[in-house]
Amino acid sequence: MDIAAYMTEVGQQARAAATLVARSTTEVRNRALLATADALHAARSELAEANARDLVSGKESGLDAAMLDRLELTPARVDAMIEGLRQVASLPDPIGAITDMTYRPSGIQVGKMRVPLGVIGIIYESRPNVTVEAASLCLKSGNATILRGGSESIHSNQAIALCLARGLADAGLPETAVQVVKTTDRAAVGELITMPDYVDVIVPRGGKGLIERISRDARVPVIKHLDGVCHVYIDSHADPEKALNVAINAKTHRYGTCNTMETLLVDTEIAADMLPLLSSAFIEKGVELRGCQQTREILPDINAATEADWEEEYLAPVLAIRVVDGLDGAIAHINRYSSQHTDSIITENYTRARRFITEVDSSSVMVNASTRFADGFEYGLGAEIGISTDKIHARGPVGLEGLTSQKYVVFGDGHIRA
């Protein structure tokens, strides 16, 4: 295959489709989403068969447990994809909404209208459910999209692509409005991120290496998230039962996700009481603990943490623990080592909670809640295209509004400028 020619054709088709999607009605786009949901339900056996092929190949190629977990399409995850499509269809359509209308002294009215970005290229690894999440959000927000999944999920993604094509056709929209790249050749990524004539923005979802490469080489604007080095800080004013439950959930609910806690911080005032309880619970769950010197004085049997552990996204049953000198120590540690993804404080002290959410510089900051809630579905976005750690355009879970822009609109009645 001539990759450059193939990707140029994909880009041209996406640009043409974007015009049709942008001018389609909300009802048409919703019909496409609901028809896709029906197509996924009808194709459960085909999806399972395709996913099984990917899992076999993944095991043979040596994918680790976290990657295989992300790759697997369980019946529950298919259910979640279908529910996600229906939820996105039920969300308000942001396109065309005009806000901030004001009269100017000249007599004109000035406001802002929300509009699609155009063509969105999405590059991701492992998780085939991302194909549906990304396609649904791009379509609902009036965009066309080009999806390039990882080679390890090629069969699953192509099976999902057939369902998406059926949904689009049912609604009378071009099937090229959502295109899943058919080749596993990495050169396709290089072409996709350097096609500014056809692609308006790139969203990479995957490991740190992938995102750094895309950010470095792209000639198209990038909405990115780097690794999820997420923290839970247990304050001296925390309710012990809440602290234990939140910390266990934040780490062990799922290991292979970017909103999983990777470092636990404990106030020195309560460390002697809390750490043995936490240690027993984590060890029972099979989690390897790595602690700072103060932690190991209380838990002498755990491994020593190194400087590298404070910056590590394990995506595995491994947890770094550090005893810190109060709220100041926790905030200092988080702002030094956090990837600005998601960080949480457990405390009953309102003043400390306010300081934490004000001073911690992350895209999601939580009080008395598990970091696992940092998710578009949980935030009411229906689904998410990623969790952005950028500070420009979109930050945190990127839903419909994050995939749009605004333009100024002006209304007059024959007004001319004096």
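## Helices α2 and α5

In this predicted model, helix α2 passes α5 in a left-handed crossing. The axes of α2, which spans residues 26–42, and of α5 come within 9 Å and cross at roughly 165°, and because angles over 145 degrees count as roughly antiparallel, α2 is roughly antiparallel to α5.

The contact draws on N30, L33, L34, T36, A37, D38, L40 and H41 from α2, and on M81, I82, L85, R86, V88 and A89 from α5. Sorted by class, the residues of this contact comprise nine nonpolar, three polar and two charged.

## Helices α13 and α14

Helix α13, residues 326–337, and helix α14, residues 350–359, have axes that come within 11 Å and cross at roughly 20°; since angles under 35 degrees count as roughly parallel, α13 is roughly parallel to α14. The crossing in which α13 passes α14 is right-handed.

On the α13 side the contact is made by L327, D328, I331, I334 and N335, while α14 contributes R352, R355, F356 and E359. The residues of this contact divide into four nonpolar, one polar and four charged.

## The largest pocket

The largest pocket has a volume of about 1000 Å³, and its lining is made up of 46 residues, among which R127, N129, R254, T257 and D375 lie nearest the centre of the pocket. The elements that give two or more residues to this lining are α4 (65–71), α5 (75–90) and α6 (129–140), and α5 is also the helix that α2 passes in the left-handed crossing.

Methods
Residues are numbered from 1 along each chain as its sequence is written. This is a predicted model: local features need pLDDT of at least 70, side-chain atom pairs count only at pLDDT 80 or more; totals for chains, interfaces and linings use all residues. Side-chain values use heavy atoms; hydrogens and water are left out. On a 1 Å grid over the protein atoms alone, a cavity is a set of points where a 1.4 Å probe fits but cannot get out, and a pocket is an open set with protein on both sides within 12 Å along at least five of seven lines; lining residues have an atom within 4 Å of a point. Grid points are joined across faces, edges and corners, and a volume is the space filled by probe spheres set on the points. Helices (H or I, at least four residues) and strands (E, at least two) are DSSP runs, numbered from the N terminus. Axes are lines fitted to C-alpha atoms, for helices over the stretch in contact, and angles run from 0 to 180 degrees between N-to-C directions. Angles under 35 degrees count as roughly parallel, over 145 as roughly antiparallel, 65 to 115 as roughly perpendicular and the rest as oblique. A crossing is left-handed if the near helix is turned anticlockwise from the far one by less than a right angle, and right-handed if clockwise. Contact means heavy atoms within 4.5 Å. Ala, Val, Leu, Ile, Met, Phe, Trp, Tyr, Cys and Pro count as nonpolar, Asp, Glu, Lys and Arg as charged, and the others, Gly among them, as polar.
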